[in-house]
Amino acid sequence: MFVSDCLQINEKGHLTVGGCDTVELAETFGTPAYVMDETTIRENCRAYKRSFEQYYGGNGLALFASKALNCLEICRIVKEEGLGLDVVSGGELYTALKAGFPAEKIHFHGNNKTRDEIKMALESKVGRIVLDNLYELTAVDELAASMGIKASVSMRIKPGIDAHTHSFIRTGQIDSKFGFALETGEAMEAVKQVIACRNIELEELHCHIGSQIFDMDPFVHAAEVMMDFIGDIRKQTGVTVECLNLGGGFGIQYTQDDNPQSYDRYMEKVSKAVKAKAEQLELPVPFIYLEPGRSVVGEAGITLYTVGGIKEIPNVRTYVSIDGGMTDNPRYALYKSGYTCVVANKAGLPAAKEVTVAGKCCESGDLIQENTKIQSPEIGDILAVLSTGAYNYSMASNYNRIPKPPIVLVKEGKAREIVRRQTYEDLIRNDI
């Protein structure tokens, strides 16, 4: 019935998550509130580890793409489960290090890293810095030289693959702000410059074609293109790149219309393509990295709201207003993203009322979902929006000076706060 196995309906007809009654969670922690199921997160991490063992003989590692959800406790869980970490800013790196995450298992991404961020990554001895452009190449080389070290780097390559997803979250095509383009020859020239640098060691190539992708073929095609490029690099330079990072982007279920593929099927098909290319090109099978983010935490999370005003406009629509909105979930405003909404205290009843869920911001576009079916709502009901574990807290803002919600972690019927709710005092803390 629901998009995630961690969601059930109890004897009261209430929605539960991780064995906790969502109505009781709302009473205890207030609304809006993000709620994450720890068991689901850990099971997803373990699924990736098992797949690497089965299809690559353990010759690989999943790096959790922490931009999906980055806080101290999530970093600790990922560390405990034996995954690596992908960070894209100094702030994400700082959080990971404060959580005790091993720096050698961190890859530092981003399309415009500052010199301060690069220096921080080098001083922290992160496992890999992913070069996105020639400016970063120069900065890493210069900073590494000044520190008397040799930096281990990856290079982000645009393989020219159509990812069959929303245009805002495609990243592998030539017209993208990320990486070096293959088809123009830019990537090969950049590789040669990296190899020529005395203070840089090229250890890896990276690609990422987009997000929320359900079709496996683009992933397979990207792997084949990247293996061909590794072969071309060896022919032209004599250097064999030993690691290949195939990024992330695996789709999850937001609504019943979504049909995500299992991680095992993806790993099986892509691993066959990688191995076949390695044999064809007489290359060693590279150490494989993946960067799952949304698929680790997305379906593990929900957001709880309290219903406020209900506005019926005859022959037009019914607006159901909630005490959150685009400040805690901007994805509908950005992408028209589909979500499943449930009146948590009436979850056992039919979802027969068509409504538009509206946020509280002073903004016409502050909507969470339009023309969606939910149980008949009343003021004071608790509304749950499902599959909000990824890119909701991460993208939250203080627009209209609205404090950010807490994150509540649930596991086997027990709940604890892992990020506190912001207060009004927090909002003015840095004001002068």
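Where does T22 lie? T22 sits in helix α1, residues 22–29. Helices here are DSSP runs of H or I with at least four residues, strands are E runs of at least two, and both are numbered from the N terminus.

A quick word on ground rules. This is a predicted model, where local features need pLDDT of at least 70 and side-chain atom pairs count only at pLDDT 80 or more, while totals for chains, interfaces and linings use all residues. Residues are numbered from 1 along each chain as its sequence is written, and side-chain values use heavy atoms, with hydrogens and water left out.

Back to T22. Is T22 buried or exposed? T22 counts as buried because its relative accessibility is 0%. Buried means under 20% relative accessible area, exposed means over 50%, and partly exposed is in between, using a 1.4 Å probe and protein chains only.

What does T22 touch? Leaving out residues up to four places away in sequence, T22 touches L15, T16, V17, I302, L304 and A344. Contact here means heavy atoms within 4.5 Å. With L15 there is also a polar pair: the backbone oxygen of L15 lies 2.7 Å from a polar atom of the T22 side chain. A polar contact is a pair of N or O atoms within 3.5 Å; within protein, one must be able to donate a hydrogen and the other to accept it, and residues adjacent in sequence count only if both atoms are side-chain atoms.

Next, T31. T31 is in the loop between α1 and β4, residues 33–37. T31 is buried, because its relative accessible area is 17%. The T31 side chain has a polar contact of 2.6 Å with the side chain of T306. A polar contact of 2.6 Å also joins the side chains of T31 and D323. Beyond four places in sequence, the residues T31 touches include A26, L304, I382 and R421. Now look at the peptide bond between T31 and P32: it is cis, with omega about -10°. P32 is in the loop between α1 and β4.

Now two loop residues. N315 has phi near 65°, a positive value in a residue other than glycine. N315 is in the loop between β14 (301–313) and β15 (317–322). N315 is exposed, because its relative accessible area is 87%. S387 has phi near 55°, again positive in a residue other than glycine. S387 is in the loop between β19 (382–386) and β20 (407–411). S387 is buried, because its relative accessible area is 1%.

Last topic: helix packing. At what angle do α4 and α5 pack? Helix α4 (residues 90–98) and helix α5 (residues 115–124) pack at about 25°, with axes 10 Å apart. Axes are lines fitted to C-alpha atoms, for helices over the stretch in contact, and angles run from 0 to 180 degrees between N-to-C directions. So α4 and α5 are roughly parallel. Angles under 35 degrees count as roughly parallel, over 145 as roughly antiparallel, 65 to 115 as roughly perpendicular, and the rest as oblique. G90, L93, Y94 and L97 of α4 make the contact with E117, M120, A121 and S124 of α5.

The other pair is α8 (residues 217–237) and α9 (residues 263–281), packed at about 25° with axes 9 Å apart. Therefore α8 and α9 are roughly parallel too. In their contact, the α8 residues include F219 and M227, and those of α9 include Y266 and L281.
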